Amino acid sequence: MTSSELLTAADVELMQGLAQRLTATHPELVNSDASYGELAWNWGRGHAAFADKWRRRLWFSDGDLVAWGWAQLPRRARLSDGTVKEVTGAYLAHQVHPDHAGLLDEVIDWFDATAPGLERSVLPCALDGAVLERWAAHGYGTDPDALGDEGSWTQFNQRDLTDIERPELPDGFRFRTAEEAGAEAAVQAHLDAWRPSGYSIEAYEGVRATAAYRGDLHVLVEAPDGTMASSGIMWFDEVNRTVEFEPVGTHPDYRRLGLGRAMLLHGMGLAKEAGAVHATVACLGAPGHPSARGLYYSVGFHKFTWDAPLVKGADA
């Protein structure tokens, strides 16, 4: 059974359920944009602005979701510096349970039919050779720009939470949560770290409305002058007792003070208290983006899976 229409919050919860089932049995096959936390973050922050540009199709077997596709069509994003970002191609987020691998061809056909005449891109897991063969059979090839030194492919990192180093902050700085600091402070912390950004109070309200969001696991570091200098949201998958950081960022004026490192360690401590035994975080994997990768490695994360960026031309 399948269905196809605009993406809803209820759909995202179903998609997260598939992510949880795969995390329990095949964690290395969870696509970077199909993880429990990434799904909530991407839907929450974007649905108010882009819901009419999102299409989805769901595939079920015996009542369980076993595959899905989320097509993100061309759109205009207004950024915090007043500029407008034009997205002219189509992108597919997707996941197919390995026990129903044959559905991947249907997912690809649906995407091609949903975005005809557009350049189409996708980020399947690089560790699944059979999946990559199916994409190639449908005309998708390696994206050379994405694989360059400044490429945009993502690696997924993990660690257990058995031994967590004690976090240390510079004098005058302190840990806060979004629950304590409030919406405006939480949003400003993200805007400062990721400028220019399309994030807003409205986008944050969408994030907070997702079933997976917890204000007590949205951590910040406050500077002596009251600026929220670093922030990160943790998404706790209670089924698998794993927590995912997404996003993580630090204000440019407060970098290289150890704030991001301290915040990650503090966050992992909070997650452990909440019942987590495992943590994950994604980052850009290309050689030209070493900063975040080095930060995560410094607090015990290691790479365990990564993307294979593929593209199909508009005329194909």
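This is a predicted model: local features need pLDDT of at least 70, side-chain atom pairs count only at pLDDT 80 or more; totals for chains, interfaces and linings use all residues.
Residues are numbered from 1 along each chain as its sequence is written, and side-chain values use heavy atoms, with hydrogens and water left out.

A cavity is a set of points, on a 1 Å grid over the protein atoms alone, where a 1.4 Å probe fits but cannot get out, and its lining residues have an atom within 4 Å of a point. Grid points are joined across faces, edges and corners, and a volume is the space filled by probe spheres set on the points. By this rule there are 2 cavities of 30 Å³ or more.

The largest cavity holds about 50 Å³ of space. Its lining consists of Trp-41, Ala-186, His-190, Tyr-199, His-218, Ser-231, Gly-232, Ile-233 and Pro-247. Helices (H or I, at least four residues) and strands (E, at least two) are DSSP runs, numbered from the N terminus. On that basis, α6 (183-194) and β12 (228-237) each supply at least two residues of this lining, and β12 gives the most, with 3 residues. For the classes, Ala, Val, Leu, Ile, Met, Phe, Trp, Tyr, Cys and Pro count as nonpolar, Asp, Glu, Lys and Arg as charged, and the others, Gly among them, as polar. The lining of the largest cavity then divides into 5 nonpolar, 4 polar and no charged residues.

About 40 Å³ of space lies in the second largest cavity. Val-30, Asn-31, Ser-32, Cys-125, Thr-154, Gln-155, Phe-156, Thr-305, Trp-306 and Asp-307 line this space. At least two residues of the lining come from each of β9 (154-160) and β15 (302-306), with β9 giving the most, 3 residues. By class, this lining has 4 nonpolar, 5 polar and 1 charged residues.

Open spaces come next. A pocket is an open set of grid points with protein on both sides within 12 Å along at least five of seven lines. The second largest pocket contains about 240 Å³ of space and is lined by 15 residues, of which Gln-95, Val-96, Leu-104, Asp-128 and Val-131 lie nearest its centre. The elements that give two or more residues to this lining are β6 (90-96) and α4 (129-137). The lining of this pocket has 9 nonpolar, 4 polar and 2 charged residues.

Helix α8 (residues 259-274) packs against helix α9 (residues 290-298) at an angle of about 45°, with their axes 10 Å apart. Axes here are lines fitted to C-alpha atoms, for helices over the stretch in contact, and angles run from 0 to 180 degrees between N-to-C directions. The two helices are therefore oblique to each other (under 35 degrees is roughly parallel, over 145 roughly antiparallel, 65 to 115 roughly perpendicular and the rest oblique). Gly-260, Arg-261 and Leu-264 in α8 meet Leu-295, Tyr-296 and Ser-298 in α9, contact meaning heavy atoms within 4.5 Å. This contact has 3 nonpolar, 2 polar and 1 charged residues.

Finally, the backbone. A cis peptide bond joins Arg-195 and Pro-196, with omega about -15°; Pro-196 lies in the loop between α6 and α7 (201-209). Another cis peptide bond joins Glu-246 and Pro-247, with omega about 0°. Pro-247, found in strand β13 (residues 242-250), is also one of the residues lining the largest cavity. Arg-241, in the loop between β12 and β13, has a positive phi near 55°.
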